[in-house]
Amino acid sequence: MTATALDGKATRDEIFVDLTERVRALGEAGIAPGLGTVLVGDDPGSQAYVRGKHSDCAKVGIASLRRDLPADTTTEQLNAVIDELNADPACTGYIVQLPLPAHLDDNAALERIAPEKDADGLHPINLGRLVLGTESTLPCTPRGVVHLLRRYDVPLAGARVVVVGRGVTIGRPIGLLLTRRSENATVTLCHTGTADLASEVSRADIVVAAAGVPHLITADMVKPGAAVLDVGVSRTDAGLVGDVAPDVWEVAGHVSPNPGGVGPLTRAFLLVNVVERAEKQLAAQRAQAR
Ligand SMILES: NC(=O)C1=CN([C@@H]2O[C@H](COP(=O)(O)OP(=O)(O)OC[C@H]3O[C@@H](n4cnc5c(N)ncnc54)[C@H](OP(=O)(O)O)[C@@H]3O)[C@@H](O)[C@H]2O)C=CC1
Ligand SMILES: Nc1nc(=O)c2c([nH]1)NC[C@@H]1CN(c3ccc(C(=O)N[C@@H](CCC(=O)O)C(=O)O)cc3)C=[N+]21
């Protein structure tokens, strides 16, 4: 028996069909969404992600603005670029690609982004609203994971979910999405201080592997029939390697491949966030005109 693939590319293509129509409708109403990216340094992985984001924008008709800065960019120079995008009406949402080089502060950069332009959903205001349960821009990778599970009818209500990794892009926020009443899952968050990772994972109906450790999750840890989402990526001499070992496909019910699983959806939800924001802006304009 081999697991059903949670196909991120096919699911992304469905989302893009919908987004293309919504972007067209916004354009008719005189609103042009524009996504900005801020990339500091020349990490090949980060460059590839940013390139992917711009090619996605072109596919659905969203304008894109790109700010590539050298590795030795100072805090003041980075702040100036953030302030410029905050003020630019052509940029309706943007991201600062993380991690920044070591001499720059990731959290300070996130906090400087205007919350209404935070396409990643990682500004403290948006993360705080997620905790409060009020309307906010949601983080893209957790949104992608939830969408993929729903798309393949993996039951969430009452499910036991084990998340591996407590990073800000996925591990810490995803529990907040999965434990909303609309999802109703029960979530355990694991990290390097977890006493017995294998025993935690073995109880899970859904495993979200987001540690960035090659093949951390192996078949012997996984409950037969569980859904396993491979989020972490490592660049090795053998190419891109996910957190999930190939033998997991023999025992799991569903597996998201890596590449081709959560990655394309992370990018798709960045665009969804930008389009949703523009639609809200349009609705507000129309309400005011009445
Ligand atoms: N496919 C996609 O769309 C995306 C992929 N990613 C990838 O997901 C991964 C996680 O990213 P991010 O959320 O930023 O997290 P970070 O890279 O910031 O953190 C990794 C987390 O994994 C934990 N961890 C590391 N080794 C182990 C281990 N052996 N057992 C248990 N936990 C471990 C760390 O624990 P501790 O805190 O104790 O050190 C840490 O909390 C990265 O590989 C990143 O590249 C991220 C975003 C999108
Ligand atoms: N502010 C910020 N926001 C992020 O969302 C963010 C970030 N910083 N820093 C790094 C991580 C990583 N990340 C990925 C995005 C897309 C793919 C992706 O599309 N991957 C393709 C393969 C791409 C390839 O082959 O290089 C796939 O999985 O099929 C992967 C990983 C977003 N991140």
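Tutor: Domain bounds here come from an automatic or database domain assignment. Keep in mind too that this is a predicted model.

Student: Into which domains is the chain divided?

Tutor: Good place to start! One domain is built from two separate stretches, 26-117 + 265-289, and the other covers 140-259. So, with bounds taken from a domain assignment, the chain is divided into domain 1 (26-117 + 265-289) and domain 2 (140-259).

Student: Which element gives the most to the side of domain 1 that touches domain 2?

Tutor: Let's look at the contact first: eight residues of domain 1 are in contact with eight residues of domain 2. On the domain 1 side, six residues come from one element, and that top contributor is helix 9.

Student: How do the residues on that side of domain 1 divide into nonpolar, polar and charged?

Tutor: Take the side of domain 1 that touches domain 2 and sort its residues by type. They come out as five nonpolar, three polar and no charged.

Student: Which domains give at least three residues each to the shell around ligand 2?

Tutor: Ligand 2 is surrounded by 20 residues, and among the closest are Ala48 and Pro259. Elements giving two or more residues include helix 2 (44-60) and helix 6 (140-151). The domains that each supply at least three are domain 1 and domain 2.

Student: And which element gives the most to the shell around ligand 2?

Tutor: Nice follow-up! The shell holds 10 nonpolar, eight polar and two charged residues. Four residues of the shell come from its top contributor, helix 9.

Conventions: Residues numbered from 1 in each chain as written. Chains lettered and ligands numbered in written order. Predicted model: local features only at pLDDT ≥ 70, side-chain atom pairs only at ≥ 80, totals over all residues. Near = placed C-beta within 6 Å. Nonpolar A, V, L, I, M, F, W, Y, C, P; charged D, E, K, R; others polar. Contact = placed C-beta atoms within 7 Å.
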